Structure formats: C-alpha cells, structure tokens
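Hi everyone, thanks for having me. Please take a look at the chain on the screen, and then I'll walk you through it.

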Amino acid sequence: GLIDKFSATSLLIMNSPVADAVASAKMKWYHQHFSSLIRSTPLLNDYQKHFTIDSSFWNKRNHVMADHIINFSRLYAGQNIVIITGHYHRYYLRELLIPQQDQYNFVIKEFYE
C-alpha cells in the first residue's frame, strides 16, 4: 500500500505529516470499518472475535504508550527524551500527546529539530 512506500524513503519523509495522514487513514479505516466488512461476509464471521480483541488491544496499547511517555516526561522534566516507535504508532501518539503538552509541560519535537 501507499504507506509502505514511505518506509522506503528518508526519515524526513517517513516522519512527515503526509505519511502520518496516510497511516492514520489506513488504521482508522481498519478499526472503524473493517468490522462491518466482516459482519457482511459470512466466510469472515469467525474472524469477528479476533478483530474485536485486536482493535481493543491496539487502542489500549497506544494509550498505555502515551501514559508512559507522560510519566517519563514528568520523571525527567526539563530533559530530552527520545521516543522510537513503529510508524503506525506515530500518528496515534501525536494525536494523544500534542493536546497534553501544556498540561504536562513537555514539547514534542521532530528528530530533525
């Protein structure tokens, strides 16, 4: 898919707002709309339970990652913290963390800043 093409480019492109938007669109479609595809396709009915668990785990995993980042930002206040994560987590973590920067007194920066 299109998002996979970003992984074969530079870090600057792979960590761009465009790449984030593509990853976000792909993952949001999967987690919001794939369930209806499963329900409407009898051959996939056995997959529904796995999909429900997978979606729940995906959301929980990202929220726990964000919570850990906030906790580390408090523990190491005023210091730089480097976060390395898989590409599909980047957009989600940014959505969770950017609104909390002021409240928890941290600043998200790109690797090139």
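Let's begin with E110, which sits in the segment after α6 (101-104). Helices here are DSSP runs of H or I with at least four residues, strands are runs of E with at least two, and both are numbered from the N terminus. Before going on: this is a predicted model, where local features need pLDDT of at least 70, side-chain atom pairs count only at pLDDT 80 or more, and totals for chains, interfaces and linings use all residues. Residues are numbered from 1 along each chain as its sequence is written, and side-chain values use heavy atoms, with hydrogens and water left out.

So, is E110 buried or exposed? E110 counts as buried because its relative accessibility is 12%. The cut-offs are under 20% relative accessible area for buried, over 50% for exposed, and partly exposed in between, using a 1.4 Å probe and protein chains only.

And which residues does E110 touch? Setting aside neighbours within four places in sequence, E110 is in contact with N15, R90 and R94; contact means heavy atoms within 4.5 Å.

Now let's zoom out. The chain has six helices and zero strands, and 31% of its 113 residues count as buried. Among contacts with a separation of 6 or more, 57% come from residues 24 or more positions apart.

Finally, the overall outline: along the principal axes, the C-alpha atoms fill a box of roughly 55 × 30 × 20 Å.
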